[in-house]
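We will go from stop to stop, and at each one you select something and look.

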Amino acid sequence: MDMPVSKAGVIARRCESIVDDLSFQAARDWKAAEPGRKVVGFLPVYVPMELIHAAGCLPLGLFGGGDRIEVIHGDAYYQSYICRIPRSTIELGVTGRLDFVDGLLFPFVCDVIRNLSGMWKVMFPDVWTKFFDTPQNFDPEIGGTYYTHELRELRADLERLTGRDITDAALRASIALYNENRRLVRAVYDARAAEPWKAPAADVYVVMRAGLMMPVEEHNALLADYLAALDIEDRPRKDNVRVAIFGSFCEQPPLALLKSIEMAGCYVVEDDYSLVNRFITEDVATDGDPLAALSTAYLRHSVETSCKYVPNEADKGRFHVERVKQTGAEGVIYAAPSFCDPALLDRPMICGRLSDAGIPNMSFKYAENSGQMQPIREQAGAFADSIKLWS
Amino acid sequence: MTVAVKEPSMLLQKEMIAGNYDAITSAHETGRKVSSTFVPGNLNELLMCFGILNNLPEINAIQNGMRRLSGDYIMEAEKGGHSEDVCTYVKADIGMMGRGNIAPNGKPFPEPDVLLLSYTGCYTFMKWFELLRAEYKCPTLMLHVPYEGDGHSTPNMIDYVVKQLKEVIIPGLEEVSGVKFDIDRLREILALSAKAEDDLVWCLETGKHKPSPIDAYFGGVYYIGPIFTAFRGTEEAVDYYTALRQEVKARLDAGQGPTLPDGSVLTDQKYRLVVEGPPNWTSFREFWQMFADEGAVVVASSYTKVGGMYDLGFRHDPADPLRSLAEYCLGCYTNRNLPSRVDILAQYVEDYEADGLLVNSIKSCNSFSAGQLMIMREVERRTGKPGAFIETDLVDPRYFSPANVKNRLESYFQMIDQKRRGANKAA
Ligand code: SF4
Ligand code: SF4
């Protein structure tokens, strides 16, 4: 018999249905509600959603097709040794599921998504398509100047797309909304880290992912409700170990995988799934030049992740170690998509730093359409047991 | 056993490379500083201004691939926790370090004094040098070259690269070398670069002739050697390209094709191909011979443009040295977006009157490979010429299947024959 569904559970199920819907009905409805509305999609890892919002557009996070789409056309575009997300994204495109999307941003994460930006230009010439390159030089005078210009260009592109100016005041208002969103997102993560039995990993995951498919105002309200619901959530506390998940910032694992990790005896207290809403770690300034503020936030207050260069050797992996400490994780599961250059090239360095800090870690690979959960459950279970044994 | 037959320019190049390895491995004795850096966006002229030697890990991996050492190195790196999925150049390099870091001259490489992370056209570069930095703990200078996502560089991109050159790279190299930067010295060096570049382009464009006096892929990798590595900007490179030009001109005048590894000359050229993607190095000669056996010559290739697209008109410019270096980095082949790559390849098929585009898709290299199936189909569509797709790897011998490659090539040539017959009938 199913457990009675709690308020938090109801919110999560609603979010799950949004995430699961590969026809993107919620975004379509948003667009249809008023003439002239535009939807601007974006791929992992980071774009300044504030700018898209200030343009009056809906920023729509696209994270591939998960395990809910049969990839027929997409495989004809990629060799077997390339990850899944570009194929299922192409599948979404050629099957018309993205026909309502007016623009698409391909941020820098790796050469696969970079090249996909050009493929999109060739395949969908009517869609405004932009590759968005964030700086790898973090000096405000150098990388900051470059980035502020890039943001200015992005603003101009969006203005062309919509035919409307984006005023500084509108942008500041959007920044404030996204600051609110980031605060609420952090609060959910904190709440989960404090009492992980109340917030299953798969639930938190869909609550975050759905937020990238609806207007931020709506998501802010939803997060506030979810936080309140978590407060009164009553779930049995299990003797699980607390783990952080890293390496999963781009192609997303199927929900079954998240559930398997938990069923194997691990509470997820930190992760880098669909990182865009935690990419900036502090409020973006709402006074002064808003583009400069977004630039400064990226340079000064963004997470360490594989699509960013780490200028000082000593800082490599520091973020991961600190997050483990802050969230009280007892171990790290480094879960990387198969064939993922960023996650896999970083793996020895990040896991090395975790080991140096005495943090137990294990790794495995997955694909968005991984079906076999047994091996993952076994590995995660053995990992949980080993932590319990040695702690 | 067949003895490899080399053209005089190849011998000259061999000496140059050996000389550079000797200079690198004797750096301790001579007191010279050594940098590691990458081929695309290679700033050799700048390094020369500071008297810093240029060691290129990609080239070391190629050397180790050709000498069949890379397979073991890769496995060594994989045993050490490096994923089987990532670029084998990186693993060949890291595995070589694990085995004593021995240069092709048998002497150990010195540790680099600086890692010049010229970050152009490939994501892996960034992590490769983060990995090396963890080992060597030496200064690492990052030059971020933005990708030409819209098919061209913008003033903002150029300014950004120039600024990094001025404020990060040059001061960094001054510090490592103790030598003060002299922009006039850079101008002199760039003038020599441009001279050699003219001759390289002349040679590459002889592929338009029938028969082609060059093979622009298998032979081409030799032709680009000096200019893509530690010699661009040197007198030696100028001399090399003068000699190469004479050699190619002599063949052109004689109506001769390129010399093959077995010493024969490929003058009877049945198929003219444009090739996209890097070659396989572990079975390089065997791979080349498969083409030669069928009378196929490569008339143009994209791999010979990874270290600069000189044939599209770019030259290093002494009049505006830093901007010229920035434009050079921005314009390397893999830093151009996919529509531009389709344009370039389709244009090659037309300009070089090729029978079609062959893609050699490299497992290691997402920068090249992601999107190549679309590139192939798009070039086919635009030119009406058939394309073909083969899959190999750079330096991992596990991913070179001679039987598969040969089969694919044979059916491709049959397809071209059929197409020709169809065209003849229609005419
Ligand atoms: S999963 Fe990894 S390799 Fe694939 S597109 Fe994302 S970052 Fe790139
Ligand atoms: S991924 Fe490609 S371009 Fe990058 S280092 Fe490897 S072979 Fe070179």
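The tour below starts with the two chains together and ends with single residues.

**Before you start**

This is a predicted model: local features need pLDDT of at least 70, side-chain atom pairs count only at pLDDT 80 or more, and totals for chains, interfaces and linings use all residues. Residues are numbered from 1 along each chain as its sequence is written, chains are lettered from A and ligands numbered from 1 in the order in which they are written, and side-chain values use heavy atoms, with hydrogens and water left out.

**Stop 1: where the chains meet**

Colour chain A and chain B separately. How many residues of chain A are in contact with chain B? There are 54, and they meet 54 residues of chain B. Contact means heavy atoms within 4.5 Å. Together the chains bury about 4,600 Å², and 57% of that is on carbon and sulfur atoms. Buried area is the accessible area (1.4 Å probe) that two parts lose on being put together, summed over both. Now select A:Tyr81, A:Tyr309 and A:Leu345. These supply 15% of the area that chain A buries against chain B, more than any other three residues.

**Stop 2: a helix pair across the chains**

Helices (H or I, at least four residues) and strands (E, at least two) are DSSP runs, numbered from the N terminus. Two packed helices are described by the angle between their axes and the distance between the axes. Axes are lines fitted to C-alpha atoms, for helices over the stretch in contact, and angles run from 0 to 180 degrees between N-to-C directions. Angles under 35 degrees count as roughly parallel, over 145 as roughly antiparallel, 65 to 115 as roughly perpendicular and the rest as oblique.

Show some side chains. Among those making the contact are A:Tyr146 and A:His149 of α6(A), and B:Tyr160 and B:Lys163 of α8(B). The contact residues divide into four nonpolar, five polar and five charged. Ala, Val, Leu, Ile, Met, Phe, Trp, Tyr, Cys and Pro count as nonpolar, Asp, Glu, Lys and Arg as charged, and the others, Gly among them, as polar.

**Stop 3: a crossing inside chain B**

Select helix α5 (residues 70–79) and helix α6 (residues 88–98) of chain B. Their axes come within 7 Å and cross at roughly 85 degrees. That makes α5(B) roughly perpendicular to α6(B). B:Tyr73 and B:Ile74 of α5(B) take part in the contact, as do B:Lys91 and B:Ile94 of α6(B), among others.

**Stop 4: the core**

Select A:Phe24, A:Ile333, B:Leu46, B:Tyr89, B:Phe291 and B:Tyr303. They have the most contacts inside the largest nonpolar core, which has 300 residues. A nonpolar core is a set of buried Ala, Val, Leu, Ile, Met, Phe, Trp, Tyr and Cys residues joined through side-chain atoms within 4.5 Å. Helix α8(B) gives the most to this core, with ten residues. Zoom in on B:Tyr89. Leaving aside neighbours within four places in sequence, its contacts include B:Trp128, B:Trp281 and B:Tyr303.

**Stop 5: a buried loop residue**

Is B:Asp393 buried or exposed? It is buried, with a relative accessible area of 0%. Buried means under 20% relative accessible area, exposed over 50%, partly exposed in between (1.4 Å probe, protein chains only). B:Asp393 sits in the loop between β8 (387–392) and α18 (402–426) of chain B. Residues up to four places away aside, B:Asp393 touches B:Thr88, B:Trp281 and B:Lys363, among others.

**Stop 6**

Most residues other than glycine have a negative phi, and most peptide bonds are trans. Select A:Pro44 and A:Val45: a cis peptide bond joins them, with omega about 5 degrees. A:Val45 is in the loop between β1 (39–42) and α3 (49–54) of chain A. The bond from B:Lys210 to B:Pro211 is also cis, with omega near -5 degrees.

Finish at B:Lys137. Its phi is near 50 degrees, a positive value in a residue other than glycine. B:Lys137 lies in the loop between α7 (124–136) and β4 (140–144) of chain B, and counts as exposed at 59% relative accessibility.
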